[in-house]
Amino acid sequence: SLARVHEEAVLADEQQLASVIRKFSSSLAYYLVPGTNKTIQADTAPLWEAYIGPTLSRLMPTLESAPQGIHGRASTAYFASLAAEGGLMTLNRVLDCCYPRFLGVLSLLDESKSKGESTNKSSRDEEKLSAAMRGIGALISSCRVALTKWQRDNEGLKVHPHPLSAYLSSTVQKVSLVLNERLDKLGPLSLAAVAVL
C-alpha cells in the first residue's frame, strides 16, 4: 500500500508526501529486520519478508521494462530509500533484486558495441539507458549511506564482502562503454555515467 501511494504521490507531483512515505517505509523495514530491535522477542523475519518481498516482486519488472517512466522512477526512488535506511538485510535484498534489472537494460550497450554501432546511435533508447544508469547510481549511493550507518551502529565494523562487489565489474564495464565514446555531444546517458562514476 505504501508503494502504491508513493507512486500516486509522484504521479500527482506531491513530493512531500512521497518523501514522508519513503521515510516511513524505510523505518518500518529497519524495524522489522531480525535482530535490529532488541525489545522485540519474536522472530520478525517472516514479517520483514512479507513487507519487502511482494513489493519488490510487483515493482521490479518496471525497472527493466520502463525505468524512464514515472512508475520506474518512483520505484527506483522507493527502493533506493529502502536500501539506504532499511538496514543491511534490506540493502542486500534490494541490491540483489534491482541491480541486475538495471544491468539488464544496460546490456543494450553491449549489443550496440558487438554490432559495431556507436552508443550514441539515435535508434537506441537513450532515455531508458540513462534511467537505468541513474538507478545504478542511486543504489550505489544508498549502499554508501547504509554502510556508513552500519559502521556507526557497530563500532566501526566493516561489512565483508562489500555488498556491491558482485556488481563492480559489470558496472565499470558499462560506465566505461559510455565514457570511452566520443563525448563531443554530451547527452543524458553520458551525464548519468559520469554521475555513477
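Me: In this predicted model, what share of the contacts in the chain with a separation of 6 or more comes from residues 24 or more positions apart?
Reply: Residues 24 or more positions apart account for 69% of those contacts, in a chain that has eight helices and zero strands.

Me: Why is Lys 174 called buried?
Reply: Its relative accessible area is 6%, and buried means under 20%, so Lys 174 falls in that class. Lys 174 has its place in helix α7, residues 168-179, and, leaving aside residues up to four places away in sequence, it touches Leu 103, Leu 106, Ser 107, Leu 109, Asp 110 and Met 133.

Me: What makes the pair Arg 58 and Glu 7 a salt bridge?
Reply: The N to O separation between their side chains is 3.7 Å, and the criterion is a side-chain nitrogen of Lys or Arg within 4 Å of a carboxyl oxygen of Asp or Glu, so the pair qualifies.

Me: Why does Arg 58 count as partly exposed, and why is Glu 7 buried?
Reply: Arg 58 has 35% relative accessibility, which lies between the limits of 20% and 50%, whereas Glu 7, with a relative accessible area of 10%, is under 20% and therefore buried.

Technical notes: Residues are numbered from 1 along each chain as its sequence is written. This is a predicted model: local features need pLDDT of at least 70, side-chain atom pairs count only at pLDDT 80 or more; totals for chains, interfaces and linings use all residues. Side-chain values use heavy atoms; hydrogens and water are left out. Helices (H or I, at least four residues) and strands (E, at least two) are DSSP runs, numbered from the N terminus. Buried means under 20% relative accessible area, exposed over 50%, partly exposed in between (1.4 Å probe, protein chains only). Contact means heavy atoms within 4.5 Å.
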